[in-house]
Amino acid sequence: MSSRQDTPPVLDALVIGAGFSGLYMLHRLRDELNLDVRLYEAGDGVGGTWYWNRYPGARCDSESYYYSYSFSPELEQEWTWTSKYPEQPEILRYLNHVADRFDLRRDIQLETRVEAARFDEAASCWEVRTKRGEGGECGETVRAQFVVSAVGCLSSGNLPKFDGLDRFEGDYYHTGAWPHEGVDFSGKRVALIGTGSTGIQATPVLAAESDHLTVFQRTPNFSVPARNAPLSPEEAADIKQHYREIRDTCRQSPFGFPYLATERMAAEATTEERNAVYEDLWQRGGLRFLAASFGDLMDNEDVNESAAEFIRGKIRATVKDPAVAEMLLPHDHPYGTKRPPIDTDYYETFNRDNVRLVDVRKAPIVEITPRGIRTTEAEHEVDVIVFATGFDAMTGALLNIDLQGIGGQTLRDKWEAGPRTYLGLQIAGFPNLFTVTGPGSPSVLTNMPVAIEQHVEWISDCIAWLRERDIARIEARSDAEEEWVNHVYDQAQTTLYPKANSWYVGANIPGKSRVFMPFVGGLDIYRERCNEVAEKGYEGFELQ
Ligand code: NAP
């Protein structure tokens, strides 16, 4: 093992991932702190989620004007969004523009996967091994004082292990690793497995593009119309004029949205009053239905059921065949306890002649045959299978890296019973490693760019503070981590969230420990706590 004197760290910081988080992290560390930073990215372009998820119908569920960076007023003014909910190609263009505008590419190494990282205790730095090249054989070992994981919460795809997939004679794709050249569905019989946010976005587009679509649904979902529309030049100008107020509200909101938490309580309202609120939000569309309907929506079962029943009523009214409508009605989880999708004509699509819904809860998939999908009831012949089966969320991408901390402890061992972090920012036993929107932070329960900016700024402020004081090493203390893990758990128990078999608890991955991973207490409260920790000289961290 080398000492700090004979092998100084090559880099001040190494960033993993070139999505929203990694790009801003690189900019902050390099251009504001003047550090020597390198970013490694597995893809052959920047964009993270928006680089990989190119499936038909992919667009953002948050509105463009607040699903964007706030750190640069110039960037805000020069970039004009064309629609309310931007499509994947537009967000990818935006992130490429950011990479160019801030001259980030010269410090980004593409097509390079971080394979392993080991903390060198004597030198207080990380030794990181990368993999690149066609077979992944080429790579290098680099050393960095700090490593920042910006690997994303939903980036490790989940392709269920169906028997026979290797013998399927057609083509198959996972939505999270979509071919760049696109897929021509014309004249094809298509199977779509999965009805989460992705499957619900893809369904209407696949139905329109293909000869026939069969949707394999395991759990019906509650979807609210997005009400997407182009942004007129007047609307775009108005947004630009009000960016500062919009951003301020996002920062104060528990969800990172440009509206504050509602104090209206449904428990005190009549059925008519509740339905009037739901109807108004249904007509306005989008995630407001969750965030701005009632303050007791996510902790009062009766209130939640009134929202759920309202949505079921809309499904019954939209889907013409009562048997199909019945299959689409969610009953097994409270509304919002799985990340709620928003859609454009999802339920309407089941009125098309070329669309069929198959309930794989009632008749599970047994195997993939050379010609299609066999359930316990029938074989469905198809030419293409689209897997919209989600991700090993929040932990998968980080655990794919062989991380070894103090005493050779691996992260996989440490997180065997579920992720443990201090504030979702650091892991005891893994000094100088920061995680942007890691488990234990509000991340996936918020409008991500707001949560990402808060983390990136906290981490870069922390690194600046350490360097000013010549402190080489920062590590979350075990007791602080323990207290935070318990707090995250206790907060979740005050809500309905743990009642669902969601990816928030890891239920979608066979064998994954069931732990509610995000912090439900709100981004506003969480931000205050992070600021307080910093103001107290990084309380809960060991500094050396
Ligand atoms: P998901 O929410 O995890 O949905 C996966 C779907 O596949 C579920 O319907 C699931 O059924 C089904 N499934 C999984 N394994 C299966 C199996 N073995 N057999 C049959 N069905 C199976 O994944 P996602 O739709 O990709 O969305 C993940 C997250 O990404 C979202 O919740 C959201 O946070 C984010 N997202 C955001 C946007 C956006 O903002 N534009 C768009 C898409 C996704 P069960 O429910 O029964 O497990």
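I started with the largest cavity, where α15 gives the most to the lining, with five residues. Helices here are DSSP runs of H or I with at least four residues, and strands are runs of E with at least two, numbered from the N terminus. This is a predicted model, so I kept in mind that local features need pLDDT of at least 70 and side-chain atom pairs pLDDT 80 or more, while totals for chains, interfaces and linings use all residues. Residues are numbered from 1 along each chain as its sequence is written, and side-chain values use heavy atoms, with hydrogens and water left out.

**Cavities**

My rule for holes runs on a 1 Å grid over the protein atoms alone: a cavity is a set of points where a 1.4 Å probe fits but cannot get out, a pocket is an open set with protein on both sides within 12 Å along at least five of seven lines, and lining residues have an atom within 4 Å of a point. Points are joined across faces, edges and corners, and a volume is the space filled by probe spheres set on them. That gave me four cavities of 30 Å³ or more.

The largest cavity comes to about 100 Å³. I found Y66, R247, R251, E453, E457 and R527 among its lining residues. Besides α15 (448–468), α7 (243–252) gives two or more residues to that lining. I sorted the lining into four nonpolar, three polar and five charged residues. For the classes, Ala, Val, Leu, Ile, Met, Phe, Trp, Tyr, Cys and Pro count as nonpolar, Asp, Glu, Lys and Arg as charged, and the others, Gly among them, as polar.

What about the second largest cavity, and which classes line it? Its volume is about 70 Å³, and the lining divides into six nonpolar, five polar and no charged residues. S149, C153, M394, L398 and P439 are among the residues there.

**Second largest pocket**

This pocket holds about 500 Å³ of space. Of its 26 lining residues, P254, F255, G295, M298 and V520 are the closest to the centre. I noted α9 (288–291) and α17 (523–535) as the elements that give two or more residues, with α17 making the largest share at three. The lining splits into 16 nonpolar, seven polar and three charged.

**Cores and contacts**

A nonpolar core is a set of buried Ala, Val, Leu, Ile, Met, Phe, Trp, Tyr and Cys residues joined through side-chain atoms within 4.5 Å. Buried is under 20% relative accessible area, exposed over 50%, partly exposed in between (1.4 Å probe, protein chains only). In the largest core, of 134 residues, Y69, F289 and W458 touch the most other members. Its largest share, 10 residues, comes from α15. A separate second core of 21 residues includes L398 and F430.

I listed contacts (heavy atoms within 4.5 Å) for Y69, leaving aside neighbours within four places in sequence, and got F20, L23, Y24, R247 and E453 among others. T395, in the loop between β16 (384–387) and α13 (396–399), is buried at 5% relative accessible area.

**Helix α1**

Is α1 largely enclosed or open? 11 of its 13 residues are buried, so α1 is largely enclosed by the rest of the structure. After α1 comes N34, with a positive phi near 65 degrees.
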